[in-house]
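These are my notebook entries on one protein chain. I set down what I looked up, together with the cut-offs behind each term.

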Amino acid sequence: MTTNKHIAMWFYPRSRSTAITRAFEQLDECVVYDEPFYSAYLAIKGQDNYPPIQPEELSKYKDTDYNAIIKKITG
């Protein structure tokens with residue numbers, strides 16, 4: 001029987017969060033969701049209310065439904 005453990009981590013800006021994220025991504029049995037609610041935030045507030053993002057980066061943020069995002073990261 002496999003037991004899944006969820007770890008939720010919040011970081012403040014400039015806290016080396018990218019380094020920690022990359023370390024977890026190297027683990028075979030680990031799934032990382034980096035800023036999963038970003039697209040939903042942009043859908044509500046608009047892209048002008050947040051620092052600019054490159055178009056190639058924006059393509060990975062497609063889901064704008066908060067409930068769908070929650071289901072994905074807790075499922």
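The entries below go from the whole chain to single residues.

**Entry 1: Basis.** I note that this is a predicted model, in which local features need pLDDT of at least 70 and side-chain atom pairs count only at pLDDT 80 or more, while totals for chains, interfaces and linings use all residues. Residues are numbered from 1 along each chain as its sequence is written, and side-chain values use heavy atoms, with hydrogens and water left out.

**Entry 2: The whole chain.** I looked up the secondary structure and found four helices and zero strands. Helices (H or I, at least four residues) and strands (E, at least two) are DSSP runs, numbered from the N terminus. Along the sequence the pattern reads α-α-α-α. The chain has 75 residues, and 12% of them are buried. Here buried means under 20% relative accessible area, exposed means over 50%, and partly exposed lies in between (1.4 Å probe, protein chains only). The accessible surface comes to about 6900 Å², and 52% of this belongs to carbon and sulfur atoms. I record that accessible areas come from the Shrake-Rupley method with a 1.4 Å probe; for residues, only the protein chains shown count as cover. I also looked up contacts, meaning heavy atoms within 4.5 Å. Of the contacts with a separation of 6 or more, 42% join residues 24 or more positions apart.

**Entry 3: The salt bridge.** I used the rule that a side-chain nitrogen of Lys or Arg lies within 4 Å of a carboxyl oxygen of Asp or Glu. The count by this rule is one salt bridge. Arg22 forms a salt bridge with Glu25, and their closest N and O atoms are 3.4 Å apart. Both residues lie in helix 1 (residues 17-25), three residues apart, which is about one turn of the helix. Arg22 is partly exposed at 41% relative accessible area, and Glu25 is partly exposed at 38%.

**Entry 4: The aromatic pair.** Rings of Phe, Tyr and Trp (its six-membered ring) pair if their centres lie within 6.5 Å; planes under 30 degrees apart count as stacked, over 60 as edge-to-face and the rest as tilted. I found one aromatic pair in the structure. Phe37 and Tyr66 form this stacked pair, with 5.6 Å centre to centre and 25° between the planes. Phe37 lies in the loop between helix 1 and helix 2 and Tyr66 in helix 4 (residues 66-74), so the pair ties together parts that are 29 residues apart in sequence. Phe37 is partly exposed at 32% relative accessible area, and Tyr66 is partly exposed at 34%.

**Entry 5: Val31.** I placed Val31 in the loop between helix 1 and helix 2 (38-45). Val31 is exposed at 59% relative accessibility. Val31 and Ile73 are 42 residues apart in sequence, and their C-alpha atoms are 9.1 Å apart in space.

**Entry 6: Positive phi.** Which residues other than glycine did I find with a positive phi? Arg16 has a phi of about 75°. Arg16 belongs to the segment before helix 1 and is exposed at 64% relative accessibility. Glu35 has a positive phi near 55°. Glu35 is found in the loop between helix 1 and helix 2 and is partly exposed, with a relative accessible area of 39%.
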